[in-house]
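Please view the sequence and the model together while reading.

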Amino acid sequence: MIPQAYAVKTGDVLAEELGCNNCHGANGISEDPFVPNLAGQKYKYLKKQIDVFQSDHAYEFEEEKISERHHSMMHNLSESVTIYELNRVIRYYSKLACDVPPKRKITEIIPEVKRCEICHGGIRTNPFRDSPNLAGQKKVYMLRQLHNLIDGQAHAQDRAVRYHRLTELMVEGLNPEGIEKAVEYYSAMGCGPQTGR
């Protein structure tokens, strides 16, 4: 049962009070090209990321690193609030309508994203509840995250480390031009139910 103190405030109020809107936008669409849009993002994915920020350590299986993500600001924020508050904020963003308009009509899957689409969607539906939707996400943000995911420890100095073994395997063989094409594919799409989100 949720304590009465936490049952009062709704997700939108908490998002404003906690300062989430300062970076991610009042409507879940960020104005900063380096900050992700959260509107309409999958609840389970957002919850998983918050759990990762809170734990602040790598996930391993049989002593082999599978995934890792650190972000000092998000770690401090997630540590300062209750699970009830976090869940309300996450639910709020996941229920927001994502209304980023398409930059152009995409009618076919390009070779560079065929391996990406099964987890992240695109023209077809993204079936996994804990994998992020990428349609309509910012190009600059996705490009940085992809390089972080590939490089692993490259950004350890600013505590914005990110690594994912599956992503590393999926982008293996893609040159910088191929990565750019993949990111452009997703950023050019609009977001909403009609685009497989």
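How many disulfides does the count come to? With a disulfide taken as a pair of cysteine sulfur atoms within 2.5 Å, the count comes to 1 disulfide.

## Basis of the report

This is a predicted model, in which local features need pLDDT of at least 70 and side-chain atom pairs count only at pLDDT 80 or more, whereas totals for chains, interfaces and linings use all residues. Residues are numbered from 1 along each chain as its sequence is written, and side-chain values use heavy atoms, with hydrogens and water left out.

## The disulfide

The bond is formed by Cys 98 and Cys 191, whose sulfur atoms are 1.9 Å apart. The link of Cys 98 and Cys 191 is left-handed, with -80° about the S-S bond. Cys 98 lies in the loop between helix H6 (83–95) and helix H7 (114–120), and Cys 191 in the segment after helix H10 (176–188), so the pair ties together parts that are 93 residues apart in sequence. Helices (H or I, at least four residues) and strands (E, at least two) are DSSP runs, numbered from the N terminus.

Cys 98 and Cys 191 are both buried. Here buried means under 20% relative accessible area, exposed means over 50%, and partly exposed lies in between (1.4 Å probe, protein chains only).

Cys 20 counts as buried, at 11% relative accessibility, while Cys 23 is partly exposed, with a relative accessible area of 34%.

Leaving aside neighbours within four places in sequence, Leu 77 is in contact (heavy atoms within 4.5 Å) with Leu 18 and Cys 20. Leu 77 counts as partly exposed, at 23% relative accessibility. Between Leu 77 and Gly 19 there are 9.3 Å in space, C-alpha to C-alpha, and 58 residues in sequence.

## Paired strands

Two strands pair if DSSP finds at least two bridges between them. Strand E1 (residues 59–61) and strand E2 (residues 64–69) pair in the antiparallel sense over 3 bridges, with Tyr 59 opposite Ser 67 in E2. The hairpin of E1 and E2 has 2 residues between the strands, and Glu 62 takes a positive phi near 50° there.

E2 is also joined to strand E3 (residues 162–164) by 3 bridges, and these two strands run antiparallel. Glu 68 has Tyr 163 as its bridge partner in E3.

## Aromatic rings

A search of the whole structure finds 2 aromatic pairs. Rings of Phe, Tyr and Trp (its six-membered ring) pair if their centres lie within 6.5 Å; planes under 30 degrees apart count as stacked, over 60 as edge-to-face and the rest as tilted. Tyr 92 and Tyr 93 form a tilted pair, 5.1 Å centre to centre with 55° between the planes, and both residues are buried. The rings of Tyr 185 and Tyr 186 have their centres 5.0 Å apart and their planes at 85°, so that pair is edge-to-face. Tyr 185 is buried at 2% relative accessibility, and Tyr 186 is buried with a relative accessible area of 2%.

A charge sits over a ring if NZ of Lys or CZ of Arg is within 6 Å of the ring centre and within 35 degrees of the ring normal. Arg 91 lies over the face of Tyr 43, at 3.8 Å from the ring centre.
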